[in-house]
Amino acid sequence: MVRTVGVVGLGYVGLPLAVAFAREGCEVIAVDIDARKVEAVNAGRSYIEDVSAEELAEVAERIHATTRYERLADAEAVLLCVPTPLTRNREPELGSLIDAVRALAGVLRAEQLVVLESTTYPGTTRERVAPLLEESGMTAGRDFHLAFSPERVDPGRTDFTLRTTPKVLGGLTEACAERAEALYRLVCDQIVRVSSPEAAELTKLLENIFRSVNIALVNELAMLTDRMGIDIWEVVDAAATKPYGFMRFEPGPGMGGHCMPVDPFYLSWRAREFDMTTEFIELAGKINQQMPYHCVAKAQRALNDIGMSVKGARVAIIGVSYKPGVGDVRESPALKIIALLRELGAQVVYHDPHVPALTEMALTSVPLEQALADADLALIVTAHPSVDHELVARRARLVVDLRGVTRASSTENVVRL
Ligand SMILES: NC(=O)c1ccc[n+]([C@@H]2O[C@H](COP(=O)([O-])OP(=O)(O)OC[C@H]3O[C@@H](n4cnc5c(N)ncnc54)[C@H](O)[C@@H]3O)[C@@H](O)[C@H]2O)c1
């Protein structure tokens, strides 16, 4: 039987998911409000690193991208992968989700399965999504099925894929979970069913909060070891030799991306309704937000040590995306670092093979050798595997390495976080 699956939101989560179902022989109705993405998908052009042009081409005839929700009436299941960011006040911004659900409610058919994949607070599926879909006149769990299943992709990662990463899901009813499980079995080897959408929603948040808190812990230690004159990388390396009871987390310039700096606050916002303050989340957020300031202070001291001020210094930022191997600059600490350096009067250029331009900052990536030749300081903010950091350490006059990638080179011009 040929199955038809709808995917709403063709971003980092939605496009790989659409390709995965198409690869299993499903027809995929792929909806996005961004006409450029729709056009790109239909033309076989991928704009997501994890989906190669070849992969997209292989399944192109089965992915039907459109801006029109009406096409979803043909799908037996619709997966919602729209953004769930924060407002300026760090509160959940569910505008895209609500727009998407409203539009879906207008075309929803009996017997369809709807699964929310976007990261959100516990209660969203039942309290926000279900009532809006029920404006169709149908009842969730009876006339149509509804579940939550968080996306766990880690963009740029190749050792774990959608297929090999267990998929957590919670249905509004047992039958909803059954339906969702049967669907995801097509693209995932292992399904982890939990008892409710709320448990699935919180599972995703726990995973991200766990990372955020542990990164904050090691970042706080990095600020302390800076004062103590101890090398944090040496300490982390040594602690990581313990075969049990320790998990390695790396210090760095702060957290970026669409998930880590955002998702934990979905829970702290929800917790307030239950008269709880989630101290770990707030504290981790506070420490991680401090890191760009600490890193700029570190760069300032390094320049000072060679008799230079930040004002007028030519600084080459090496790597501006939020993590290695991807071109995503959302919430990237590099943006904050560039802004802070500019405020202090530095002349900033950058090199990033994954980010051709930072339009809002009126910058374009310059070739590495040129960036190094012209700079007073090379600041390694994101360590892409394709960049030769040993070359950076050898060529640059002064290097501040915020990622510990120059540990093998003992040149005197290198200062590490
Ligand atoms: N990026 C990740 O690594 C990752 C990992 C796990 C979970 N998530 C979660 O998945 C969700 C999606 O994230 P993403 O990174 O794919 O976002 P994205 O911004 O890359 O993609 C979202 C897409 O949704 C589209 N969209 C917005 N409103 C829409 C609407 N009303 N109807 C149709 N399309 C609409 C946008 O145009 C965009 O193409 C978020 O909740 C995020 O937290 C992301």
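**Close-up 1. Pro385 in its loop.** Pro385 sits in the loop between strand 13 (377-380) and helix 13 (389-395). Helices (H or I, at least four residues) and strands (E, at least two) are DSSP runs, numbered from the N terminus. The model is predicted: local features need pLDDT of at least 70, side-chain atom pairs count only at pLDDT 80 or more, and totals for chains, interfaces and linings use all residues. Residues are numbered from 1 along each chain as its sequence is written, and side-chain values use heavy atoms, with hydrogens and water left out. Pro385 is exposed, at a relative accessible area of 69%. Buried means under 20% relative accessible area, exposed over 50%, and partly exposed in between (1.4 Å probe, protein chains only). Pro385 touches Pro324 and Gly325, leaving aside residues up to four places away in sequence. Contact here means heavy atoms within 4.5 Å. Gly325 is 60 residues from Pro385 in sequence, yet their C-alpha atoms are 6.6 Å apart in space.

**Close-up 2. Surroundings of the ligand.** The ligand is surrounded by 27 residues, and the closest are Val13, Asp32, Lys37, Tyr69 and Thr84. A residue counts as near if one of its heavy atoms lies within 4 Å of the molecule or strand in question. Helix 4 (residues 95-105) gives the largest share of this shell, 3 residues. A polar backbone atom of Val13 is 2.9 Å from an oxygen atom of the ligand. A polar backbone atom of Ser96 is 3.5 Å from a nitrogen atom of the ligand.

**Close-up 3. Glu151, a buried charge.** Glu151 belongs to the loop between strand 6 (145-148) and strand 7 (167-171). Glu151 is buried but has no salt bridge. A salt bridge is a side-chain nitrogen of Lys or Arg within 4 Å of a carboxyl oxygen of Asp or Glu. The nearest side chain of opposite charge is Lys167, 4.4 Å away. Lys and Arg count as positive, Asp and Glu as negative; His and the chain ends are not counted. Glu151 touches Val13, Leu17, Glu117, Leu162, Lys167 and Lys204, with residues up to four places away in sequence not counted. Val13 is also among the residues closest to the ligand.

**Close-up 4. The Lys323–Asp154 salt bridge.** Lys323 pairs with Asp154, and their closest N and O atoms are 2.2 Å apart. Lys323 lies in the loop between strand 9 (314-318) and helix 11 (333-343), and Asp154 in the loop between strand 6 and strand 7, so the pair ties together parts 169 residues apart in sequence. Lys323 is buried, with a relative accessible area of 14%. Asp154 is partly exposed, at 32%.

**Close-up 5. The Arg23–Glu55 salt bridge.** A search of the whole structure finds 28 salt bridges. In one of them, Arg23 meets Glu55, with the closest N and O atoms 2.9 Å apart. Arg23 lies in helix 1 (residues 14-23) and Glu55 in helix 3 (residues 53-59), so the pair ties together parts that are 32 residues apart in sequence. Arg23 is partly exposed, at 42% relative accessibility. Glu55 is partly exposed too, at 27%.

**Close-up 6. A salt-bridge network around Glu178.** Salt bridges link Glu174, Glu178, Glu181, Arg185 and Arg193 in a network. Within this group, the side chains of Glu178 and Arg193 meet at 3.4 Å, N to O. Glu178 is in helix 6 (residues 174-184) and Arg193 in strand 8 (residues 191-194), 15 residues apart. Glu178 is partly exposed, with a relative accessible area of 46%. Arg193 also counts as partly exposed, at 29% relative accessibility.

Close-up 7. Glu111 is not a glycine, yet its phi is positive, about 80 degrees. Glu111 is found in the loop between helix 4 and strand 5 (113-116). Its relative accessible area is 51%, so Glu111 is exposed. Asp275, not a glycine either, has a positive phi of about 55 degrees. Asp275 lies in the loop between helix 9 (263-272) and helix 10 (279-305). At 75% relative accessibility, Asp275 counts as exposed.

Methods:
A polar contact is a pair of N or O atoms within 3.5 Å; within protein, one must be able to donate a hydrogen and the other to accept it, and residues adjacent in sequence count only if both atoms are side-chain atoms.
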